[in-house]
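Here is a walk through one structure, taken a few side chains at a time. Keep the 3D view open as you read.

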Amino acid sequence: VISVINLTLDKYFPANSGVQIIAEPGRYYVASAFTLAVNVIAKKVMLTEQTGSHDEDDASKKTLMYYVNDGIHGSFNLITRFRMEMGIVRKKKSKPDEKLYSSSIWGPTCDSDDRIIEQCDLPELEVGDWILFENMGAYTVVASSTFNGFPRPTLHFVMSRPHWQLMHTIQEHGTFPEVPELNDVHVSCVSKNRMELNSIACIV
């Protein structure tokens, strides 16, 4: 990526163009290194009557509000600071017949502005379920507070087994061995850290 950017800058903004290029690549390097896992701590179901419907399932339109244990005063402070929109990573793929509901996700504080996602379509979740947010390594925990007494997320450092074995090999021999491509190796932070037993938000 960097080589392509440099070639493009040299082409369109050569040294004699009078344009000075200043780059801050911190977010590029750091954001993707962390995933935030939040726990559903409360749930509110709202029913809106639909007139003229004879179908029992369509007689009332259900919308869901989920409250999680991190918010805009914590790791999601970048929503208000940078006006960023958050995207959810679901642990399981949707089933073809799985029903989705209009949902919103809120933080745990008494602040009425503590809203993480205004609207998204999700299957019905229960208290205790986990929601994952990727690319949460930049301007998140470092700028968070303990507003309303809610603690900052706990950090868990996770590495896949092949990468762990590779690091041990490098440490023992001092050189990089010939190994297969590891970019596609995926590790589940949920199972590795047993997050289902821990009710606090965490960044991995």
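Begin with Phe133, which is buried, at 0% relative accessibility. Keep in mind that this is a predicted model. The cut-off for buried is under 20% relative accessible area, so Phe133 qualifies.

Now look for aromatic pairs. The structure holds 2 of them. In one, the ring centres of Phe76 and Phe133 lie 5.0 Å apart. Their planes meet at 75°. Edge-to-face requires an angle over 60 degrees, so this pair is edge-to-face. The two partners come from distant parts of the chain, 57 residues apart. Phe76 belongs to the loop between strand 2 (60-68) and helix 3 (78-82). Phe133 belongs to strand 5 (residues 130-133). Phe76 is buried too, because its relative accessible area is 0%.

Rings also meet charges here. Arg27 places its charged end over the ring of Phe82, 5.3 Å from the ring centre. Lys62 does likewise with Tyr101: its charged end sits over that ring, 4.7 Å from the centre.

Finally, turn to the surface. Which residues form a nonpolar patch there? They are Ile2, Tyr28, Tyr29 and Val30. Together they have about 400 Å² of accessible area. Helix 2 (residues 26-30) gives the most to this patch, with 3 residues. Val30 is found in that helix. Is Val30 buried or partly exposed? Its relative accessibility is 34%, so Val30 counts as partly exposed. Patch residues need over 30% relative accessible area, and Val30 has 34%.

Key
Residues numbered from 1 in each chain as written. Predicted model: local features only at pLDDT ≥ 70, side-chain atom pairs only at ≥ 80, totals over all residues. Heavy atoms only, no water. Patch = residues over 30% accessible without salt bridge, like charges linked within 9 Å, V, L, I, M, F, W, Y side chains within 5 Å. Areas by Shrake-Rupley, 256 points an atom, 1.4 Å probe, with all protein chains shown as cover. Salt bridge = Lys/Arg side-chain N within 4 Å of Asp/Glu carboxyl O. Helix = DSSP H or I, 4+ residues; strand = E, 2+ residues; numbered from the N terminus. Buried < 20%, exposed > 50% of the residue type's maximum accessible area, 1.4 Å probe, protein only. Phe/Tyr/Trp six-rings, centres within 6.5 Å; stacked < 30°, edge-to-face > 60°. Lys NZ or Arg CZ within 6 Å of the ring centre and 35° of its normal.
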